[in-house]
Each structure stands twice: as C-alpha cells, then as structure tokens.
Amino acid sequence: MNCTARIGADKGEVWVATQNAEAALAALSEASGLPIAQCEVFRSDLGGGFGRRGGAQDYVRQVVAIARQFPGRRSS
C-alpha cells in the first residue's frame with residue numbers, strides 16, 4: 001500500500017490507488033489539519049485491487065504525516 005502526498009499551507013493533495021476516495025479525502029483532511037475544501041485526492045485506476053484499499057486508509061495518514069515535515073514537496 002502506498003501513495004504520494006504534497007501538503008502546503010493552504011492545500012493538501014494525495015495520489016493514491018484506493019477503492020474509497022471519500023475515506024482517503026477524510027484521512028487527508030484529518031491528518032493534515034486542513035479543511036476538506038482544501039484537500040484533493042487523485043485516485044489511480046487499479047485492476048483487481050481487493051482487500052485493504054477500501055478500508056482504514058492508514059497508509060494515507062502515514063504519508064501525510066511524513067509530508068507535513070516537508071511542506072510543498074511530494075512525499076511517497
């Protein structure tokens with residue numbers, strides 16, 4: 001499970017292969033401290049992506065926590 005994130009002062013973005021983009025958006029907002037209106041999820045197409053890709057979104061929270069340490073730069 002992986003994703004890429006970029007967190008700025010007024011915008012958060014993640015690029016992620018997920019079956020639940022809404023949950024990824026909520027995880028991004030919560031982990032970054034930014035309102036949902038300032039967050040964006042770019043969902044990758046995936047084939048046969050069964051299992052954890054629709055659940056907890058813990059990998060989104062983890063990459064956002066790392067990206068917050070490097071504002072404005074992408075973190076994978």
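**View 1. The largest nonpolar core and its most connected members.** Of the 16 residues in the largest nonpolar core, those that touch the most other members are Val 14, Val 16, Leu 28, Val 60 and Val 64. A nonpolar core is here a set of buried Ala, Val, Leu, Ile, Met, Phe, Trp, Tyr and Cys residues joined through side-chain atoms within 4.5 Å; buried means under 20% relative accessible area, exposed over 50%, and partly exposed in between (1.4 Å probe, protein chains only). Two or more residues of this core come from each of β1, β2, α1, β3 and α2 (58-67), and α2 supplies the largest share, five residues. Helices (H or I, at least four residues) and strands (E, at least two) are DSSP runs, numbered from the N terminus. The model is predicted: local features need pLDDT of at least 70 and side-chain atom pairs count only at pLDDT 80 or more, whereas totals for chains, interfaces and linings use all residues. Residues are numbered from 1 along each chain as its sequence is written, and side-chain values use heavy atoms, with hydrogens and water left out.

**View 2. The surroundings of Val 60.** Contact means heavy atoms within 4.5 Å. With neighbours within four places in sequence set aside, Val 60 is in contact with Cys 3, Val 14, Val 16, Ala 24, Ala 27 and Leu 28. Val 14, Val 16 and Leu 28 are also listed, with Val 60 itself, among the core residues that touch the most other members.

**View 3. Strand β2 between its two partners.** Strand β2 (residues 12-16) is largely enclosed by the rest of the structure, because four of its five residues are buried. Two strands are taken to pair if DSSP finds at least two bridges between them. Strand β1 (residues 3-7) runs antiparallel to β2 and is joined to it by five bridges, with a hairpin of four residues connecting β1 to β2. Strand β3 (residues 39-43) pairs with β2 in the parallel sense, also over five bridges. From β2 the chain crosses through helix α1 (residues 21-32) to β3, and this β-α-β crossover is right-handed, a term that applies if, with the strands pointing away from the viewer, the path from the first strand over the helix to the second runs clockwise. Thr 4 stands opposite Trp 15 in β2, and Trp 15 in turn stands opposite Phe 42 in β3. The bridge partner of Glu 13 in β3 is Glu 40.

View 4. Rings of Phe, Tyr and Trp (its six-membered ring) pair if their centres lie within 6.5 Å; planes under 30 degrees apart count as stacked, over 60 as edge-to-face and the rest as tilted. By this rule the count comes to one aromatic pair. Trp 15 and Phe 42 form this stacked pair, at 5.0 Å centre to centre and with 15° between the planes. The pair links distant parts of the chain, since Trp 15 lies in strand β2 and Phe 42 in strand β3, 27 residues apart. Trp 15 is partly exposed, with a relative accessible area of 24%, and Phe 42 counts as partly exposed at 28% relative accessibility. The C-alpha atoms of Trp 15 and Glu 40, 25 residues apart in sequence, are 8.8 Å apart in space.

**View 5. Leu 34 in the loop between α1 and β3.** Leu 34 is located in the loop between α1 and β3 and counts as buried at 9% relative accessibility. Not counting residues up to four places away in sequence, Leu 34 touches Ile 7, Gly 8, Ala 9, Asp 10, Lys 11, Gly 12, Ser 29 and Cys 39.

**View 6. The whole chain and its confidence.** Two helices and four strands make up the secondary structure, in the pattern β-β-α-β-α-β along the sequence. Buried residues account for 34% of the 76 residues. The average pLDDT, the predictor's confidence in each residue from 0 to 100, is 85, and 83% of the residues score at least 70. Among the elements, strand β4 (residues 74-75) has the lowest mean pLDDT (60) and β3 the highest (95).
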